[in-house]
Amino acid sequence: MRKVLPAIILSAIACDQPSFNARVLSGSNSMTRIEDSTECPAGGKVIRIGVDDNQNGVLEDVEIDTSAEFCNGTIGATGAQGPQGDKGETGGIGPVGPEGQKGETGAAGESGATGETGATGETGETGATGPSGSQGEMGPQGATGPQGVKGDTGAIGPQGEIGATGATGAAGPQGPAGDKGDAGPQGQTGATGATGPQGEPGEKGDTGPQGPAGEKGDVGPQGPAGSNGSNGVDGRNGHNAAFTTSIIAPGSECSFGGTRLVYGTDLNDSGSLETSEATGSIPVCQVSCGGFQCGGSCGVCESGLSCSEGLCADVDECAYPEPMCDSNATCANTRGSFSCACNSGYEGDGRTCTAIVTCSQTQCGDACVDLRTDKNNCGRCGYACGATQACASGICVGSGELRFTSTWSVNGDIDVWVTTPGGKSIGYTNQGANANTEMGKQDRDDTTGMGPENIFWQSTPPIGNYHVCVATNFFRASAAKPVTVRVEVAQPSAPNIVEERLYTSSIAFSAPCSRTSPTYMFSVTLE
């Protein structure tokens, strides 16, 4: 963006212009006129220099003696575009999905049943016993009966189930007694039945099917494209023309003094022309000083100084009839200038000072308010209670023509009762409004906090004595757990009444409340 050359109008201060405490001088002024250039490609300024011959305070075209043109630097070429950033790497292929589970092995076939055991062959019969000999001589012993034939060996049972055990061969019949014959031969033991053939092995179960192959993993997302290369640096704006002025004392260059205009290019863009940046200068001489000089400057003094008896003296701005600073500020004079500083308790630039608002409560806009009692800012800024309500402990409660509002010092259930002139007790078990409360109403009962509890009459309350009692039994007040109860009585046309009591014992309310009740706190009379 091109810098804008400040529009500075230079004019030599005429000796016929009055300053503070200065004599009036006569003569024609040399003047300058600064205009926008129409010839500079990037803009600039033209300084016209001449003498105000007709002394009308304006340098007219016919009065111009010379001109100087100061052009701004041209806009630099646009920088080349930066190189394209490298393309980002392609994302890798996602991993292969897991292999499916192997199917379960088929169950083994059942074993073949064991063949039955062959039957045991029968036992051969026992040979008959020979007849006994006569009583006389002992007859010869009978021959032993032949041994029973050995039973054939049972055939081997078929392979498979184990064969049943063969039956024991029947015993041969006993030979007749007689001569003790020879013992018959023992029958042969039946052969053991052959072992049944082994059952065929069960068929092998089919191999479970192979689990499906895991799905192929998704291809990973492509890596983001590399960011574009940054733009090339913009070409720099051309530098602005700049100039300064200084006073020329009367002498060989300007007989009556004047102003020197030094010009050049603001190469470091500082906004001012430095000595190393100057490329030339033009003297603008005064035509006449009327025979009076001030400090060698033909009556021209620095800003804030005035010409007095040939010297440029300081002007005390703090002594002006019209104050230079705010009435709540202190003015300090310095050579050629002054300063203003706001007094303690005020803030600002010294020319304008405003009081510093210190709010120990809550700042709501321009107002410092107590959120506990301000009915236009009840509990929070901007929350307004109704026209017939009041703000108590930051909560909107009924107000009307008479109000009893109670709060206490510790969280808990404190009950405040009001007995009317007609002996009606108003509290958490008889809240009204009705004939049993003489139209009084309890619109708030707090059992956990520190209040408020509120009893009020919207319309005209009864005339007479009102007694206030406090029950501390639900709170279980004690010397170790005391509580302070505060009750505020309010009427629209009378000052508020506030009563406080410290309770250190637990006492329950018993109706009606009177000056002799254990829970009695105080009374008020409405006339």
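Good morning. I begin with C353, which counts as buried because its relative accessibility is 8%. The structure under discussion is a predicted model. In that model, C353 is joined to C342 by a disulfide with an S to S distance of 2.1 Å. The torsion about this S-S bond is about -90°, so the disulfide is left-handed. C342 belongs to strand β10 (residues 337-342) and C353 to strand β12 (residues 353-355), so the pair ties together parts that are 11 residues apart in sequence.

The count of disulfides comes to 9, and I will discuss two others. One joins C359 to C368, with an S to S distance of 1.9 Å. Here the torsion is about 85°, so this disulfide is right-handed. Its two cysteines are partly exposed: C359 has a relative accessible area of 26%, and C368 stands at 36% relative accessibility.

The other is formed by C469 and C513, whose sulfur atoms are 1.8 Å apart. This link is right-handed, with 85° about the S-S bond. It connects distant parts of the chain, since C469 sits in strand β22 and C513 in the loop between β24 and β25, 44 residues apart. C469 is buried, with a relative accessible area of 0%, and C513 is buried at 2%.

I turn now to the aromatic residues. The structure holds 6 aromatic pairs. In one of them, W417 and F509 are stacked, at 4.4 Å centre to centre and 10° between the planes. W417 lies in strand β18 (residues 415-419) and F509 in the loop between β24 and β25 (520-526), 92 residues apart. Both W417 and F509 are buried.

Y428 and F474 form a further pair: their ring centres are 6.1 Å apart and their planes stand at 80°, so the geometry is edge-to-face. Both residues count as partly exposed, Y428 at 34% relative accessibility and F474 at 47%. Ring pairs link W417, Y428, F474 and F509 into a cluster. Separately, K481 lies over the face of F475, at 4.3 Å from the ring centre.

Finally, the sheet. Five strands form an open, antiparallel sheet in the order β20-β21-β17-β23-β24. At its edges stand β20 (441-444) and β24 (494-503), each with a single partner strand, so one side of each is left without a neighbour in the sheet. From one strand to the next, the twist averages 20°. Within this sheet, β17 (residues 402-408) and β23 (residues 483-491) pair over 6 bridges, and S406 stands opposite V487 in β23.

Thank you for your attention.

Definitions and conventions: Residues are numbered from 1 along each chain as its sequence is written. This is a predicted model: local features need pLDDT of at least 70, side-chain atom pairs count only at pLDDT 80 or more; totals for chains, interfaces and linings use all residues. Side-chain values use heavy atoms; hydrogens and water are left out. Two strands pair if DSSP finds at least two bridges between them. Helices (H or I, at least four residues) and strands (E, at least two) are DSSP runs, numbered from the N terminus. Axes are lines fitted to C-alpha atoms, for helices over the stretch in contact, and angles run from 0 to 180 degrees between N-to-C directions. Rings of Phe, Tyr and Trp (its six-membered ring) pair if their centres lie within 6.5 Å; planes under 30 degrees apart count as stacked, over 60 as edge-to-face and the rest as tilted. Buried means under 20% relative accessible area, exposed over 50%, partly exposed in between (1.4 Å probe, protein chains only). A charge sits over a ring if NZ of Lys or CZ of Arg is within 6 Å of the ring centre and within 35 degrees of the ring normal. A disulfide is a pair of cysteine sulfur atoms within 2.5 Å.
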